[in-house]
Amino acid sequence: MSAPILNAPVPVLEVDRLTAGYVPGLPIVRGASLRVAAGEVLTVIGPNGSGKSTLLKAIMGLVGIASGSVRFAGREIAGRPTHEIVLAGIGFVPQTANLFATLSIEDNLRAGGHVLRSELGEHLDRAYAMFPALADKRRDKARTLSGGQRQMLAIARALMTDPRLLILDEPTAGLAPQVVGEVFGQLKSLAGSGVAVLMVEQNAKAALRQSDRGLVLVEGCNRIEGVASALLEDEEVIAAFLGRGERRGKAASAEVLSP
Ligand SMILES: Nc1ncnc2c1ncn2[C@@H]1O[C@H](COP(=O)(O)OP(=O)(O)O)[C@@H](O)[C@H]1O
Ligand SMILES: [Mg+2]
């Protein structure tokens, strides 16, 4: 284990030289490392197919790990079954299939909290306090929600177990620009309450603006990492992920270019 750096916050999640993939001998994540502390937002960006989703799935026990370690709250969780990882305190919002469209909003939240032995009502109250739009529609089917509201429900559902770390895969994919800001704002305030947030995003510029640190993953390993404000000024990051002219404040898309 590496020596702790003075004054650095103690990480809740510590991924060290992780190698993982779908087929033995064909790693997709190749030696990736990251750390997230309580109250911190870390955003992972990178080209399509660089292994961002696979990295999140490997942390969650959904993809086979060949080597490396995943330490959560001081315990090794690499290779543990997903339900144990969730119970240990990690909430996961996958990119797709993150809610039950034909169930009501409330039943989706109940499903998220099904492992709770008590205090389900309290957790529901808290979810509705955080997302008032969901409270107004609690009896409606999830499929009747707007894209932004669906993403809020998926987040609220993952928060039902009171995680210390929330992991999200492209939480703003397909959302209108004004809703993108709302989702990032919610995640930032969640971090303000002490939860660690790790997300993968294609809306690189908007995400980095609301993040503490960023990591660029290329071909399954760390390419660039640092404080988010520095990445927003980094020439290579601008050229590949943010588009020219971003620093001068011109309107430009945050489209991710293939290498
Ligand atoms: N279920 C799967 N089975 C086999 N290969 C997969 C699977 N999902 C993704 N891959 C492959 O893993 C690589 C990385 O995919 P992914 O982690 O989804 O990238 P990203 O999220 O960065 O776009 C791609 O080459 C993709 O084809
Ligand atoms: Mg992905």
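Predicted model: local features only at pLDDT ≥ 70, side-chain atom pairs only at ≥ 80, totals over all residues.

Let me begin with Val15, which has its place in strand 1, where helices (H or I, at least four residues) and strands (E, at least two) are DSSP runs numbered from the N terminus. Residues are numbered from 1 along each chain as its sequence is written, and chains are lettered from A and ligands numbered from 1 in the order in which they are written.

Is Val15 buried or exposed? Val15 has 22 other C-beta atoms within 10 Å and is therefore buried, the rule being that a residue is buried with 20 or more other C-beta atoms within 10 Å of its own, exposed with 12 or fewer, and partly exposed in between, C-beta atoms being placed from the backbone. Setting aside neighbours within four places in sequence, Val15 is in contact with Ala32, Ser33, Leu34, Ile59 and Val70, contact meaning that the C-beta atoms, placed from the backbone, lie within 7 Å.

Four strands form an open sheet in the order 2-1-4-5, with antiparallel pairing, and two strands pair if DSSP finds at least two bridges between them. Strand 2 (29-37) and strand 5 (75-76) stand at the edges with a single partner strand each, so one side of each has no neighbour in the sheet. Between strand 1 (residues 11-21) and strand 4 (residues 64-72), which run antiparallel, there are seven bridges, and Ala20 has Ile65 in strand 4 as its bridge partner. Packed on this sheet is helix 1 (residues 52-59), which touches strand 1, strand 2 and strand 4 and whose direction makes about 115° with that of strand 1; axes here are lines fitted to C-alpha atoms, for helices over the stretch in contact, and angles run from 0 to 180 degrees between N-to-C directions.

Turning to the ligand, the residues surrounding ligand 1 include Tyr22, Ile28, Lys52, Ser53 and Thr54, a residue being near a molecule if its C-beta atom, placed from the backbone, lies within 6 Å of it.

A second pairing involves strand 6 (residues 90-93), from which Ile90 and Phe92 point one way and Gly91 and Val93 the other, all of them buried. Four bridges join strand 6 to strand 7 (residues 165-169), and these two run parallel; the partner of Gly91 in strand 7 is Leu166.

Two backbone angles deserve a look, since most residues other than glycine have a negative phi. Ala97, in the loop between strand 6 and helix 3 (105-112), has a positive phi of about 50°, and Ala97 is exposed, with 8 other C-beta atoms within 10 Å. Glu219 also has a positive phi, near 50°; Glu219 lies in the loop between strand 9 (213-218) and strand 10 (221-227) and counts as partly exposed, with 14 C-beta neighbours inside 10 Å.

Finally, the chain is divided into domain 1 (9-89 + 166-259) and domain 2 (99-162), with bounds from an automatic or database domain assignment. The contact takes ten residues from domain 1 and eight from domain 2, and helix 7 (177-192) is one of the elements giving two or more residues to the domain 1 side.

Note on methods:
Contact = placed C-beta atoms within 7 Å.
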